[in-house]
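Let's go through this model together and ask what stands behind each label. Here is what we will be looking at.

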Amino acid sequence: MRAIDIYQTGPVREGDDGTYVRLEGGGQSVDVPGRYLEAQFTDGTHDIAFLTHGILHEEQLSICLLSEGVLLDLLEMGWLFTQSALENISVTESRISFCFPASKAWRLSVSHHLNWRSPLWFAGVTRQRKFQSYFNLEKIRE
């Protein structure tokens with residue numbers, strides 16, 4: 001896994017179902033939840049984009065898995081009345097570690113195919129599909 005600088009943000013769209021921003025780059029264009037592109041990575045097959053929403057006192061983080069202009073998977077984090085920022089991002093060959101909010105540390109790995117996963121039991125964390133995901137998320141510090 002490595003950091004990339006392919007995507008740029010395009011127009012922001014406000015809707016009843018949230019805020020979306022267009023990610024453009026590498027000959028691709030896709031609308032994803034969020035407002036600000038914080039970080040982007042690739043594992044050689046998929047691209048992973050970390051986006052925040054810019055909501056005062058209630059920051060949200062969207063982690064998007066992209067392939068050829070398609071949003072394959074989505075993981076979202078957010079807590080009420082919690083000011084936070086995406087911090088301490090580090091990358092190894094197979095994982096991304098980060099803090100969000102600052103008091104919680106996470107480790108994220110990505111499979112090359114959709115896997116069965118138990119539902120997430122972390123408060124404030126949701127994913128696109130309840131029982132299947134490309135993402136494997138571990139909490140490493142509360």
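**Strands, sheet and cores**

Q: What makes β3 and β4 a pair of strands in this predicted model?
A: Six bridges join β3 (residues 18–25) to β4 (residues 28–33), and the two strands run antiparallel. A pair needs at least two bridges, so β3 and β4 count as paired. Within this pairing, E24 stands opposite S29 in β4.

Q: What lies between β3 and β4 in their hairpin?
A: Two residues lie between the strands, and G26 in the turn has a positive phi of about 60°.

Q: How do you know that β10 and β11 are paired?
A: The cut-off is at least two bridges, and β10 and β11 have five, in the antiparallel sense, so they pair. One example is I96, whose bridge partner in β11 is L108.

Q: Why are β9 and β13 said to stand at the edges of their sheet?
A: The open sheet has four strands in the order β9-β10-β11-β13, with antiparallel pairing. β9 (87–91) and β13 each have a single partner strand, so one side of each is left without a neighbour in the sheet. On average, neighbouring strands here are turned by 20° against each other, direction ignored.

Q: Which residues touch the most other members of the largest nonpolar core?
A: They are F50, I63, M77 and F98, in a core of 23 residues. Elements giving two or more residues to this core include β6 (47–52), β7 (60–67) and β8 (70–78). Another core, of eleven residues, lies apart from it, with I4, Y7, V30 and L51 among its members.

Conventions. Residues are numbered from 1 along each chain as its sequence is written. This is a predicted model: local features need pLDDT of at least 70, side-chain atom pairs count only at pLDDT 80 or more; totals for chains, interfaces and linings use all residues. Side-chain values use heavy atoms; hydrogens and water are left out. A nonpolar core is a set of buried Ala, Val, Leu, Ile, Met, Phe, Trp, Tyr and Cys residues joined through side-chain atoms within 4.5 Å. Buried means under 20% relative accessible area, exposed over 50%, partly exposed in between (1.4 Å probe, protein chains only). Axes are lines fitted to C-alpha atoms, for helices over the stretch in contact, and angles run from 0 to 180 degrees between N-to-C directions.
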